[in-house]
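Here is a friendly tour of one protein model, taken a piece at a time. Keep the sequence and the 3D view open as you read.

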Amino acid sequence: MIYEPKEFISKANKHYLLRSPNQEDSAKMLEYLKTVSEETPFLINYPEEITFTVEKEEDILESFLADERGIMIAVFKDDEAIGNVSFSCVRNSIKLRHRCTMGIAIKKKAWGEGIGNMLMQEIIQKAIEAGYEQMELAVYSANRKAIDLYRKHGFKECALLPHAGKLKDGSYLDEIRMVKDLKSTL
């Protein structure tokens, strides 16, 4: 699914561009992924685990553009990838295709500017337009800012998976599963 370009002015009065990333953005998106993975322990991968090539990233971006029921929206500032949000179908089977799963990340230098809030509004609206009835996500329980953002947008906690993530120092992170009923948003 393609997201039509849209300008966003942040709380800090900075101008950002939201749009679907494409093949030409592959190197920028890889750099972004490595950066956000360095800045927080709350993403799935460490930066050194992001080893796929620019060509593989091109394939991923192209698959989102071609997906009628999935989307990726990236945030750019002066041609630099600052953040992204995406959703995709949990599984395209009769019993599960009403559900989508989403993820979001923003570079630390843009935290607190309202980008996360704006991306959540956009992704929820696009999921409704795509016909989903339920949106789901997973978040580490120590990531209180993200949990507060998700609650603000109507997500509710529905499960806890203890020790879902294990850090390099041997400590664990519990994972909270959250869900939003998109039917009640209409």
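## Starting inside: Val36

With a relative accessibility of 3%, Val36 counts as buried, where buried means under 20% relative accessible area, exposed means over 50%, and partly exposed lies in between (1.4 Å probe, protein chains only). Val36 sits in helix H1; helices (H or I, at least four residues) and strands (E, at least two) are DSSP runs, numbered from the N terminus. Which residues does Val36 touch, not counting residues up to four places away in sequence? They are Leu43, Ala105, Ile106 and Lys107, with contact meaning heavy atoms within 4.5 Å. Lys107 is 71 residues from Val36 in sequence, and the two are 5.4 Å apart in space, C-alpha to C-alpha.

A note on the ground rules: this is a predicted model, in which local features need pLDDT of at least 70 and side-chain atom pairs count only at pLDDT 80 or more, while totals for chains, interfaces and linings use all residues. Residues are numbered from 1 along each chain as its sequence is written, and side-chain values use heavy atoms, with hydrogens and water left out.

Phe52 belongs to the loop between H1 and H2. Is Phe52 buried or partly exposed? Its relative accessible area is 30%, so Phe52 is partly exposed. Leaving aside neighbours within four places in sequence, Phe52 is in contact with Leu30, Leu33, Glu57 and Ile60.

The largest nonpolar core has 37 residues, and Phe87, Met102, Ile115, Leu119, Ile123, Met135 and Tyr150 touch the most other members. Such a core is a set of buried Ala, Val, Leu, Ile, Met, Phe, Trp, Tyr and Cys residues joined through side-chain atoms within 4.5 Å. Strands E2 (15-19) and E3 (71-77) each supply at least two of its residues, as do E4, E5, H3, E6, H4 and E8. H3 gives the largest share of this core, with 8 residues. A second, separate core has 10 residues, among them Met29, Phe64, Ala81 and Ala105.

Beyond its neighbours within four places in sequence, Ile123 is in contact with Ile71, Ile73, Val85, Ser86, Phe87, Met102 and Met135. Ser86, from that list, is in strand E4 and is buried, with a relative accessible area of 16%. With neighbours within four places again set aside, Ser86 is in contact with Phe64, Ile71, Met72, Thr101, Met102, Gly103 and Ile123.

## The largest pocket

Rolling a probe the size of a water molecule over the atoms shows where empty space is left. How much space lies in the largest pocket? It holds about 1,600 Å³, a volume being the space filled by probe spheres set on grid points that are joined across faces, edges and corners. On a 1 Å grid over the protein atoms alone, a pocket is an open set of points where a 1.4 Å probe fits, with protein on both sides within 12 Å along at least five of seven lines, and lining residues have an atom within 4 Å of a point.

The lining has 48 residues, and Leu43, Gly103, Ile104, Ala105 and Tyr150 lie nearest the centre of the pocket. By type, the lining residues divide into 27 nonpolar, 13 polar and 8 charged; here Ala, Val, Leu, Ile, Met, Phe, Trp, Tyr, Cys and Pro count as nonpolar, Asp, Glu, Lys and Arg as charged, and the others, Gly among them, as polar. Elements that each supply at least two lining residues include H1 (26-39), H2 (54-66), E4 (80-89), E5 (99-106), H3 (115-129) and H4 (144-152).

## Strands around E8

Strand E8 (residues 172-181) runs antiparallel to strand E6 (residues 134-140), joined by 7 bridges. E8 also pairs with strand E7 (residues 156-166) in the antiparallel sense, over 7 bridges; two strands pair if DSSP finds at least two bridges between them. Glu175 in E8 is the bridge partner of Tyr140, and Leu161 also stands opposite Glu175. Elsewhere in E8, Val179 stands opposite Lys156. The hairpin of E7 and E8 has 5 residues between the strands, and Gly170 there takes a positive phi near 95°.

Most residues other than glycine have a negative phi. Asp78 has a positive phi, near 50°, and Asp79 has one near 70°. Asp78 lies in the loop between E3 and E4, and Asp79 is found in the loop between E3 and E4 too. Asp78 is exposed, with a relative accessible area of 70%, and Asp79 is exposed at 51%.
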